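Here are some notes to read alongside the model, written as numbered points.

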Amino acid sequence: MSEERRPDQPAREDFREILRLVRPGARVLDVGCGEGDLLELLVREKGVDGRGIEISAAGVSACLSRGLAVMQGDADRDLAEFPARAFDYAILSQTLQAVREPRTVLANLLRLADRAIVSFPNFGHWRVRTALAISGRMPNTRVLRDPWWSTPNIHLCTLRDFTDLCADLDLRIEAAAALSAGRPARSMNPVAALENWRAESALFMLSRGRPPVAAPVEPTPESPSATRTPDLFG
Amino acid sequence: MRIERPLRLDSGARLEQVEIAFETYGRLNAEKSNAILVCHALTGDHHLASAHPVTGKRGWWDRMVGVGRPLDPERHFIICSNVLGGCMGSTGPSSINPETGEPFGLSFPVITIADMVRAQAMLVDELGIETLLCVIGGSMGGMQVLQWAADYPERLFSAVCIAATARHSAQNIAFHEVGRQAIMADPDWRGGDYARQGARPQKGLAVARMAAHITYLSEAALQRKFGRELQRDGLSWGFDADFQVESYLRYQGAAFVDRFDANSYLYITRAMDYFDLAAPHGGVLAEAFRGLKSTPFFVMSFTSDWLYPTPESRTVVRALNAAGAKASFVEVESDKGHDAFLLDEPVMDAALHGFLGSVAASRGLP
């Protein structure tokens, strides 16, 4: 979405991690694609068939001039525009905490794609916890910068909250990485208590499946639903 | 241009020796890969960016055509033709029926949007062009774009559909019926035979235009432009045009009859009412777009357009996505209503410029 919906992008650490996770030639939907930086990167480096959803007309225009296929819309209302399993990956970068219905959005991402790649700021990070504990005010950290009355982040959660929701939605965590500004992504066990303190932002790759396993997870090379039927995106 | 092949119509009728009036801008390149077809709206014509022969006014999309603009004659070969059924040179109800030597009048067969597109495709054939770089149009022009996508998907490198719909709604049909009834209620319409009888149903056509014109604007735009402003000081306590908005509409109606034929208005509005792109595909719009493959397809709507509101465009986009086309969509913020697509809308210009630039680049054009 526009900058105001994606205020806390940890530089390009999540882009690099996404680039690492996405299979070459895959069909990718970037929800909140802004001016198309990530999509263009994915098209160039991975030869993906990319589509985007972007809330601002200016962002869509910028994408169009880069030759990207982008629809104006937002994650809450417009994921229904796409048929089920139209994509291999649906990406929602640093936006989940800003949507109205995170649970529905997450379920929708995994309706239209085999895998969802989701990143968000971790409200369990030690900076957030200590800021709240010491100042008694809503945390103002390098990831969460806006005052409470103007922040787009209306549904903040901790790592633990997120893994609980994944379990509740019966989503399989295929990969998890901790992101910190200026540092490369670090693979992590998302249910380890310490990570909930350490990870400033988190990035997950999810698929439909059984509840998450506790062991550290690497991206599996083969989708669990390899027997999927051909769909409308050729 | 005269099309020598007979034109088969959806109604089952055939038209012989169809004339298609058209204009081109720019030069067709050696590969014939830079042609853009622009489709006009209900009362438009092929004077895209040239002075209108009757009114002397600038072309209807003059602002979009020019060096450095989205439609650039230095880069593109731009084609715009008057639709079948029109009255500006293409065969229509006011044309002379070659069989009788008299104007067709109501003996002209009922036509459809698909018939208009079939005639355009024949023109494109005659120009020696296999694949169009882009087909672009707003309102009824956008319907033609959608029809092109359904009937000639392999001949489109890309497409742009602005402020349009994949089918006419009950409200759309209702407004058109008001217009047609106004024309047919005019005694000078003479059962459609006015041309032979030396009459012109100007009053009826003007009323039709007045009613339609309201649908092209938005309440906010009308209010901003006219409010309750009066023409003169005080009320007339009669039925003169007291309010500026009345005077405006009367002027619009009166000016329209100078440049448009009443029977053409009947036929073209009918074609729009009959338009339902999904109907021949079992009601599944995505099926109509099956042939598109990964054609870049740009759909645009305007927030204040209540004639073809944004949900209509979203329906098109959803079907395009389901069919696998490379659909892009923008809803332009504007209070100018349906006619915003003809007016100064920088967001529309920028989006169109970006889209056409990228499709040209991906076809290896400068």
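1. Into which domains is chain B divided? Domain 1 takes in residues 2–169 together with 276–362, and domain 2 covers 172–270. Please keep in mind throughout that this is a predicted model. The centres of domain 1 and domain 2 of chain B, taken over C-alpha atoms, are 25 Å apart.

2. Next, the place where these two domains of chain B meet. Domain 1 of chain B brings 29 residues into contact with 22 residues of domain 2 of chain B. On the side of domain 1 that touches domain 2, 12 residues are nonpolar, 13 are polar and four are charged.

3. Now for chain B as a whole. Its secondary structure consists of 10 helices and 11 strands. Along the principal axes, the C-alpha atoms of chain B fill a box of roughly 65 × 50 × 40 Å. A compact globule of 366 residues would have a radius of gyration near 21 Å, and the 20 Å of chain B agrees with that. Of the 366 residues in chain B, 52% are buried. Take the contacts in chain B between residues at least 6 apart in sequence: 72% of them join residues at least 24 apart.

4. Chain A can be described in the same terms. Chain A has eight helices and eight strands. Of its 234 residues, 51% are buried. For contacts in chain A between residues at least 6 apart in sequence, the share joining residues at least 24 apart is 69%.

5. The axes of α1 (residues 113–126) and α2 (residues 140–151) of chain B come within 9 Å and cross at roughly 70°. From α1(B), the contact is made by B:I113, B:A114, B:M116 and B:V117, and from α2(B) by B:M143, B:Q144, B:Q147, B:W148 and B:D151. By class, this contact has six nonpolar, two polar and one charged residues.

6. B:S139 sits in the loop between β8 (134–138) and α2 of chain B. Although B:S139 is not a glycine, its phi is positive, at about 60°. Is B:S139 buried or exposed? B:S139 is buried, because 27 other C-beta atoms lie within 10 Å, and 20 or more is enough to count as buried.

7. Chain A has a residue with a positive phi to set beside that one. For A:R85, which is not a glycine, phi is near 55°. A:R85 belongs to the loop between α4 and β4 of chain A. With 19 other C-beta atoms within 10 Å, A:R85 is partly exposed.

8. A:L79 is also found in the loop between α4 (75–78) and β4 (87–93) of chain A. Why does A:L79 count as buried? A:L79 has 22 C-beta neighbours inside 10 Å. Apart from neighbours within four places in sequence, A:L79 is in contact with A:V105, A:N108, A:L109 and A:L112. A:F120, by contrast, is 41 residues from A:L79 in sequence and 19 Å away in space, C-alpha to C-alpha.

9. Last, please look at B:L292, in the loop between α8 (285–288) and β10 of chain B. B:L292 counts as buried because it has 22 C-beta neighbours inside 10 Å. Beyond neighbours within four places in sequence, its contacts are B:A149, B:P153, B:F297, B:A323 and B:A325. B:L292 and B:D45 are 247 residues apart in sequence, with 28 Å between their C-alpha atoms.

Conventions
Residues are numbered from 1 along each chain as its sequence is written. Chains are lettered from A and ligands numbered from 1 in the order in which they are written. This is a predicted model: local features need pLDDT of at least 70, side-chain atom pairs count only at pLDDT 80 or more; totals for chains, interfaces and linings use all residues. Axes are lines fitted to C-alpha atoms, for helices over the stretch in contact, and angles run from 0 to 180 degrees between N-to-C directions. Helices (H or I, at least four residues) and strands (E, at least two) are DSSP runs, numbered from the N terminus. Two residues are in contact if their C-beta atoms, placed from the backbone, lie within 7 Å. Ala, Val, Leu, Ile, Met, Phe, Trp, Tyr, Cys and Pro count as nonpolar, Asp, Glu, Lys and Arg as charged, and the others, Gly among them, as polar. A residue is buried if 20 or more other C-beta atoms lie within 10 Å of its own, exposed if 12 or fewer, and partly exposed in between; C-beta atoms are placed from the backbone. Domain bounds come from an automatic or database domain assignment. The radius of gyration is taken over C-alpha atoms; the globule rule is 2.2 Å times the number of residues to the power 0.38.
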